[in-house]
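Have the structure open beside you as you read.

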Amino acid sequence: MSMFGVSAEEEELYRHFLRNPDTTIEDLRKLGDEGQDPGRCLERLRQLGLIHPTGAGGRITPADPEVAVARLTDARLHALLQELQRVTHSRHVVQGLRAEQGAWMAPQGIEQLHGLEEIRNRIEDLAFFAREEILSVEPYTRLSPENIERSRPLDLRCLRRGVRIRNVVLRAALDHTPTASYLRELVSEGAVIRVAENISERILVYDGETALVPVDPQNTSRGALLARSNGLVSNIIALFEKIWTQAEDFPTTADVGDEQQRLTGTERRVLVSMCSVGKDEVGARDLGVSVRTYRRHVADIMQKLGAANRAHAALLARERGWV
């Protein structure tokens, strides 16, 4: 019973009462060591609700074991709940520890991050613990497959947890098929993305409390500044909202001219064949081209779709109504 805060001595005394109902205090004194007073243990058991003095002849009745354990369990859970509340409301501890970072923080409320790996790790941490909204302005023209692979799990996890994502990107990013496909995937999951013709700012804001901006927007390898100062973060959010207001809604497939129209007639026939024929040899024979040519068309189609493999390409083509 130690898990409930009952000492070995107290447990043994309770078990004695279970074995010997209606034991009196005088009986205990006779059974105990000479000069030993059981009064302290008795009082403790009474406070825990494990015994009930009857008042008749000094007799003591033990509580029913099921009732006793239930009462101890409730008391223990209550204590654990209070401890949990103290832990979850310990934000002041973080602030106190940050005050010890004087050598790394300049000015107060701003932390400098060095190197791309440290920046990426901090971004992953901030995204993982985001609860409400992530704001971003990202002036890239394309994302590498590695960047997409790294970002996708974090972005989708946030969206599926109900975190709102608002993102402004360059319109030129839509000319890179894998990047455009990834952005459309985020939109389909609930992200709100806008496009701008010309932006140079790089901004990330998490839950309206923490902002990340590069030291040099033209050279992100120089590091970044992580701001938690309310005034500074508010100004960065105001800048984001200005960029957001001036940007345009993310275009639909029809708005960008329907990427299917960028496929040649042969590529469209190859796409249909990919989704319906199993072997390349059969598809090539049906289209009257060599297997080598057929596979080259397949590779071109996968690149335009931003697909990782043929199954992914077929899925994307069906989602967009191309086949």
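## Starting with an arginine

Does Arg-152 count as buried, exposed or partly exposed? With a relative accessibility of 22%, Arg-152 counts as partly exposed. The cut-off matters for this call: buried means under 20%, so Arg-152 at 22% falls in the partly exposed class. Please keep in mind that you are looking at a predicted model.

Arg-152 has a charged partner: its side chain meets that of Glu-185 in a salt bridge, at 3.0 Å from N to O. Because Arg-152 sits in helix α7 (residues 145-160) and Glu-185 in helix α8, this pair ties together parts that are 33 residues apart in sequence. Glu-185 is partly exposed too, with a relative accessibility of 25%.

## Thr-179 in helix α8

Helix α8 spans residues 177-188, and Thr-179 is found in it. How accessible is Thr-179, buried or exposed? Thr-179 is buried, and its relative accessible area is 0%.

Which residues does Thr-179 touch, once neighbours within four places in sequence are set aside? Its contacts are Tyr-140, Arg-142, Leu-143, Ile-148 and Ala-173.

Another salt bridge brings together the side chains of Glu-133 and Arg-164, with an N to O distance of 3.5 Å. This one links distant parts of the chain: Glu-133 belongs to strand β5 (residues 133-138) and Arg-164 to strand β6 (residues 164-170), 31 residues apart. Arg-164 has a relative accessible area of 44% and is partly exposed.

## From a loop to strand β11

Arg-171 and Glu-248 also form a salt bridge, and their closest N and O atoms are 2.5 Å apart. Arg-171 lies in the loop between β6 and α8, whereas Glu-248 lies in strand β11 (residues 248-249), so this pair ties together parts that are 77 residues apart in sequence. Both ends are partly exposed: Arg-171 has a relative accessibility of 25%, and Glu-248 has a relative accessible area of 47%.

Some bridges share partners, and in this way Glu-133, Arg-164, Arg-166 and Glu-241 are joined into one network.

## The wider count

How many salt bridges does a search of the whole structure find? The search finds 19. Among them are the Glu-185 and Arg-152 pair, the Glu-133 and Arg-164 pair, and the Arg-171 and Glu-248 pair.

Methods
Residues are numbered from 1 along each chain as its sequence is written. This is a predicted model: local features need pLDDT of at least 70, side-chain atom pairs count only at pLDDT 80 or more; totals for chains, interfaces and linings use all residues. Side-chain values use heavy atoms; hydrogens and water are left out. Helices (H or I, at least four residues) and strands (E, at least two) are DSSP runs, numbered from the N terminus. Buried means under 20% relative accessible area, exposed over 50%, partly exposed in between (1.4 Å probe, protein chains only). Contact means heavy atoms within 4.5 Å. A salt bridge is a side-chain nitrogen of Lys or Arg within 4 Å of a carboxyl oxygen of Asp or Glu.
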